[in-house]
Amino acid sequence: MAPLLVLGLALCLSGTWAVDKGNFKTCEQSAFCKRQRALKPGESPYRALLETMELTNTRLTLQLINDNNKVRLLLELYRLQGNITRVKINELKPLKPRYEVPDVLIREPTTEPLSVLSQDENGVVLSLGVESQRVIISARPFRLDIMEGSDVLMSLNSRGLLAFEHLRMRKDTQADPEAEKKEEADPANQAETTKEEEEKVEDGMWEETFKSHTDSKPNGPSAVSLDFSLPGVEHVYGIPEHADTLRLKTTDNGDPYRLYNLDVFQYELYNPMALYGSVPVMVAHSAQRTTGIFWLNAAETWVDISSNTAGKTVFGKMLDYVQGSSETPQTDVRWISESGIIDIFIMLGPTPKDVFSQYASLTGTQSFPPLASLGYHQCRWNYNDQEDVKSVDAGFDEHDIPYDFIWLDIEHTDGKRYFTWDPHKFATPKEMLQGLMDKKRKMVAIVDPHIKVDGNYKIHNEIRSRGFYVKNKDGGDYEGWCWPGSASYPDFTRADMRAWWASMFAYDQYEGTMENLYTWNDMNEPSVFNGPEVTMHKDATHGAWEHRDIHNLYGLYVQMATAEGLIQRSGGVERPFVLTRAFFAGSQRLGAVWTGDNAAEWGHLKISIPMCLSMGLVGISFCGADIGGFFKSPSTELLVRWYQAGAYQPFYRAHAHVDTPRREPWLFGPENTALIREAVRQRYTLLPYWYQLFYRAHVTGEPVMRPLWVEYPQDLATFALEDEYLIGRDLLVHPVVEEGARGVTAYLPGKDEVWFDVHTFQKHNGAQNLYIPVTMSSIPVFQRGGSIIPRKLRVRRSSTCMEHDPYTLYVALNLQRTADGELYIDDGHTFNYEKKEFIYRKLTFANKVLSSVNLAPDAKFTTDSWIERIIVLGASKPSKVTLKTADGQEKQLEFDFDASMSVLTVRKPGMNAGADWTMTFQ
Amino acid sequence: WLLVCLLLKLFSAVEVQRPRGVPLSKRQFYEEGKPFTCLDGSRTIPFDRVNDDYCDCQDGSDEPGTAACPNGSFHCTNAGFRPTFIPSSRINDGICDCCDTTDEYNSGATCQNTCRELGRKERESLQKMAEIAKEGFLLKQQLIHEANRGLEDKKAKLGDVQGSKKDLEAKVEALRTVKEAAEQPEREAKERHLKAWEGKLSFKSISPSTVCNDVSVPELLSHSELDPDADGSFTEAEAQGLLGGVDKVDTAAFESIWSNVKEKYMSEVRHYTSFFFLINSKFHVKFILFNFGFGICFRNLEKEISFDFGPSSEFAYLYSQCYELTTSEYIYRLCPFNRVTQKPKFGGSETNLGSWGKWAGPEDSIYSVMKYEHGTGCWQGPSRSTTVKLTCGKETVVTSTSEPSRCEYLMEFTCPAICQEPPNLEISSHEHQEL
């Protein structure tokens with residue numbers, strides 16, 4: 001059978017270098033999307049039955065009726081803690097239960113009291129409690145408006161696109177298809193058919209065929225749809241994963257953005273096609289307010305975006321302004337899902353950070369990664385054997401390039417049986433892992449969710465005998481083709497299956513593993529080579545539910561079970577590290593995500609920025625793209641630029657396809673090795689900053705890598721920027737992503753800000769476009785005046801080797817000659833921080849005094865690290881610098897002052913990084 | 001006494017005080033109590049700032065014994081082994097780098113001093129290598145001698161062949177004339193003539209055996225047009241099949257199996273003997289055979305003489321040889337100056353990993369690497385190629401193979417021909433310098 005697979009893959013591989021769009025559905029080819037999109041804005045057939053309204057303290061329920069078919073829906077409305085409104089719409093009496101997504105919300109959200117402000121026969125006005133916010137429910141037709149003062153913040157069903165395909169018995173149309181055709185063809189019958197409009201059977205309601213695959217659809221049509229209007233909004237973001245611009249485009253002239261986790265071979269840039277992951281969260285931003293919509297539905301989903309200003313030219317907009325005839329800009333959005341219910345969370349901001357914390361209160365925050373996983377990762381499909389691993393590891397030492405993780409792709413297994421090792425190539429894995437551990441380095445091995453159907457494979461036998469596999473529509477174990485040939489797919493939606501899977505990571509189950517081996521979940525969309533759209537049949541079943549209902553959730557569950565396994569094997573002590581390709585809302589709690597199988601092209605380097613920014617906006621901070629590009633072979637220039645850009649993105653891993661030539665960093669001549677070494681070293685010096693930003697992300701849900709508008713929400717010039725971004729609040733990065741670049745133009749925001757080039761310490765004013773000439777060694781990065789950033793300048797061969805090293809504090813003064821920052825330190829790898837074992841300090845420079853005060857007095861942790869140097873940017877020359885430590889001792893410190901750059905360097909103050917101290921510059 | 005003196009003298013060297021991490025050769029720059037000037041001359045600092053765990057010098061020279069400077073280096077004396085420099089980032093990182101453990105003086109790492117053991121091992125291995133090199137070099141001299149003799153023979157043979165080729169071509173021409181003359185008369189007359197020729201022509205007089213001894217598998221392999229299944233890989237097994245199951249046959253035997261080869265060979269022979277199609281009978285088989293054998297030998301000789309077998313033809317003995325290595329999955333076969341192949345151990349067809357391309361070592365040792373190119377193509381990738389790294393050894397053997405990148409193979413090959421004259425293996429005195 002193997003040659004057949006090889007042939008199949010080969011055919012696949014020998015295609016052109018672009019996605020085969022024909023393998024994936026357009027909206028037109030997806031029956032429910034086509035049906036729903038055919039509905040045009042107009043008066044909604046839905047009416048609110050106010051007499052059915054029930055209001056408890058925290059919950060309002062109300063029935064809606066569709067006047068065309070008399071089917072009733074139940075609307076539930078909640079006010080949630082933190083300025084969130086939840087609206088749920090389900091059938092009042094569905095024929096059978098409809099799927100409601102579990103395990104994504106971290107808990108049942110805390111509700112807050114609702115009260116009726118006024119009510120008449122046209123509608124109800126409810127108070128949302130804060131800032132004169134109100135919800136107006138209009139009865140005929142049904143619509144819902146959220147107001148603040150006299151401003152409408154958001155309207156639901158204002159365009160009348162609420163649609164709810166109620167579950168129904170199948171009419172026996174199949175039995176007499178001829179009759180139906182006749183009926184449709186006969187104009188005399190038309191009156192009769194329109195009368196029962198909703199009952200009309202359209203193509204694709206009860207069966208749908210795409211390419212050679214037929215979806216049996218035993219439950220018939222079940223789509224849901226709703227429109228949202230956002231007055232005053234011209235910029236919407238989010239709904240990853242798409243290889244598209246940060247600012248979402250209008251979709252009037254093409255397909256909607258699609259959310260359906262798919263293994264897309266050689267994906268194409270700048271289009272709304274679905275990719276490996278889905279987070280159904282959209283963030284809307286204007287200079288006045290930021291809001292968010294979370295559409296909690298795991299079925300195939302399409303999102304249409306239109307705007308009343310999109311088509312207008314700048315001149316047209318000006319004309320409107322001059323003539324005073326301007327209508328308010330408005331963005332209209334419409335969500336369409338194939339099944340489930342409507343369950344939406346309207347996050348009302350008003351600031352970007354409010355939206356992040358609102359969303360985090362629902363689905364959780366970024367998992368706090370082990371510090372080492374923020375270092376550099378060396379991956380390739382494949383490192384062939386232990387000898388290969390050893391020699392690559394030695395190569396890093398020989399060329400003095402730090403790295404923390406080396407990765408093994410699918411070939412390390414015994415015939416693509418995960419949890420095993422190839423007996424010849426990886427005969428003594430523990431020896432290999434020990435070798436890495438001796439150098440304080442780690443490894444990641446891949447574990448995919450497709451399980452080889454093989455009676456001699458323990459994992460397969462156990463899953464089968466426990467009945468843990470996903471079932472096909474006929475009730476047998478679902479089988480598809482993937483890397484191992486014929487494979488089945490564990491039903492990760494089952495908690496008992498996940499618990500069993502987690503137990504497989506125990507050291508005595510997963511033989512040859514040690515604590516420095518971590519895990520990579522690939523192909524978890526799930527990828528099924530011979531399935532419809534390279535994924536699982538929608539009529540496969542997970543217990544009572546169809547795969548259709550849960551599809552976008554599968555990958556999240558795989559990562560959840562795997563991360564749990566890594567936690568359990570250490571007795572709950574160690575933080576896991578699991579990389580996933582597929583993801584959903586909530587995946588941020590489980591580990592890292594990468595942008596899948598990209599290509600060694602400049603365009604792919606460029607798009608890695610908006611792709612990771614988009615994920616960050618919806619909670620997933622730990623994002624990165626394959627350095628160098630997965631498919632094809634990068635030019636040396638592209639590879640170097642990618643290492644430089646990647647050094648300043650959260651997840652920093654080089655990866656390459658098996659068919660590409662080797663590209664370890666030292667294979668391109670000493671000059672390029674030096675450039676790559678420098679980029680990686682810059683990453684390592686900044687690890688303290690990255691780590692504390694991840695701690696912040698873990699606590700607050702704020703993205704680590706963020707668009708400029710998050711920090712400058714009123715600066716319109718930042719709203720569509722995607723060639724630069726901020727790391728935290730204080731570092732602005734504008735990587736070089738153009739071939740042969742001689743310079744880049746970076747926008748430095750903030751008219752009251754100053755920015756310091758981190759390499760030259762040159763000061764630049766904010767609110768300007770700055771042209772920066774670049775050479776091959778340039779990575780334009782700026783530190784914001786007013787910030788303090790800790791670095792460790794003693795770069796060693798892995799982050800773990802740097803654990804006890806001292807810090808250098810970079811204090812960049814703003815125009816007010818002040819600055820502040822933080823310093824977070826813990827053991828770097830356990831959950832002990834949850835037991836308050838960490839150091840968290842506030843660093844402040846004001847009135848010529850720099851001080852460190854404890855932000856967490858109840859926390860306890862000690863560190864060997866000390867402060868070896870303080871560099872003050874934008875400083876004036878002091879006559880003396882005095883350090884006062886907690887014990888009251890004072891000592892004079894030596895310093896250097898570079899008058900030409902206004903840089904003050906304080907020599908070896910020497911205090912412990914966890915201590916209280918003040919430093920006076922007189 | 002002399003020995004004792006020497007030892008004392010060496011021992012006193014240890015006593016020379018110098019800051020941690022400074023090699024003896026730079027000792028004079030670090031004078032206790034006197035201001036230290038960074039080795040790049042950029043600034044001068046008090047001596048107590050040398051190795052005080054803060055980097056004052058741009059070039060890192062003030063912190064030879066700490067990890068404070070990002071560009072510093074630390075000198076391990078490694079008494080008993082080789083002194084070495086490590087990047088100062090490896091000082092006190094918890095990993096033992098210097099065999100004398102001096103890099104981990106404050107990290108809590110428990111390092112064992114392994115220098116003596118390493119030194120012993122290194123001396124042993126150097127000794128072993130020297131022995132190998134010595135023997136290998138002797139063998140190489142022999143090879144050179146043999147190669148030169150062989151080359152002369154071949155050149156002479158080529159001369160002969162060229163002579164007889166002319167001779168034979170004349171005969172062919174004569175035959176052609178006769179044949180053409182024979183075509184003039186009536187059909188019956190032609191048949192008579194044909195019979196007459198058959199009688200007249202003695203096959204033996206122009207037999208390939210006069211210019212070339214045998215027809216062998218390697219010869220056939222160079223004629224891919226003879227591949228019986230035309231699948232693009234003409235294997236030895238197939239070649240053997242054509243020769244009736246043996247490696248080589250003499251001309252007479254070849255005659256008998258010619259019918260196997262004939263069909264395939266037609267197309268090529270057509271170029272220079274178009275007329276034989278008109279002629280039936282054994283004679284024509286013999287004629288073809290003559291051409292075939294002659295052609296092969298002639299071309300082979302010419303080709304062999306044209307190869308670069310190294311500065312003294314020391315690699316000539318590898319020509320027409322093959323060397324195999326069996327791994328868990330495959331049998332690899334290196335036929336120097338010809339090609340590299342891979343065959344699954346448990347059945348399956350052979351894959352060409354590249355045909356002889358060129359010597360591809362670095363400029364100073366161009367004969368240390370062989371490159372075989374244009375093997376069977378890879379899906380979406382380049383055609384397979386193999387790099388063969390040659391190292392000195394008494395025996396000629398393939399020691400390992402790997403595929404570092406898809407379809408780019410790496411083979412380690414030892415042979416005496418690459419051995420260099422071994423240097424005098426007295427352990428040089430500088431190794432003792434820092435005892």
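## Backbone features of chain A

Lys70(A) lies in the loop that connects β2 (59–66) with β3 (72–80) of chain A. The structure described here is a predicted model. Although Lys70(A) is not a glycine, its phi is positive, at about 65°. With a relative accessibility of 52%, Lys70(A) counts as exposed, because the cut-off for that class is over 50%.

A positive phi also occurs at Met523(A), a residue other than glycine, where the angle is near 60°. Met523(A) belongs to the loop between β28 (517–521) and β29 (541–542) of chain A. Its relative accessible area is 2%, so Met523(A) is buried, the limit being under 20%.

## Cis peptide bonds

Pro240(A) and Glu241(A) are joined by a cis peptide bond, with omega about 20°. Glu241(A) is placed in the loop between β15 (235–238) and β16 (257–259) of chain A.

Another cis peptide bond links Gly349(A) and Pro350(A), and here omega is about 10°. Pro350(A) sits in the loop that runs between β21 (342–347) and α6 (352–363) of chain A.

Asp332(A) is part of strand β20, which covers residues 330–337 of chain A. This residue is buried but has no salt bridge. The nearest side chain of opposite charge belongs to Arg159(A), 4.0 Å away.

The side chain of Asp332(A) does make a polar contact, at 2.9 Å, with the side chain of Gln330(A). When neighbours within four places in sequence are left aside, the residues in contact with Asp332(A) include Phe228(A), Ser229(A) and Leu230(A), as well as Asp304(A), Ile305(A) and Ser306(A). Arg159(A) is also among these contacts.

## Domains of chain A

Chain A is divided into domain 1 (27–166 + 210–363), domain 2 (373–447 + 513–526 + 550–704) and domain 3 (806–921).

## Overview of chain B

Chain B contains 7 helices and 14 strands. Of its 435 residues, 42% count as buried. Among contacts in chain B between residues at least 6 apart in sequence, 43% bring together residues at least 24 apart.

The domain assignment of chain B consists of domain 1 (16–112), domain 2 (211–269) and domain 3 (316–415). Taken over C-alpha atoms, the centres of domain 1 and domain 3 of chain B are 46 Å apart.

Methods: Residues numbered from 1 in each chain as written. Chains lettered and ligands numbered in written order. Predicted model: local features only at pLDDT ≥ 70, side-chain atom pairs only at ≥ 80, totals over all residues. Heavy atoms only, no water. Helix = DSSP H or I, 4+ residues; strand = E, 2+ residues; numbered from the N terminus. Buried < 20%, exposed > 50% of the residue type's maximum accessible area, 1.4 Å probe, protein only. Contact = heavy atoms within 4.5 Å. Lys, Arg positive; Asp, Glu negative; His and termini not counted. Polar contact = N/O pair within 3.5 Å; in protein donor to acceptor, adjacent residues only side chain to side chain. Domains from an automatic or database assignment.
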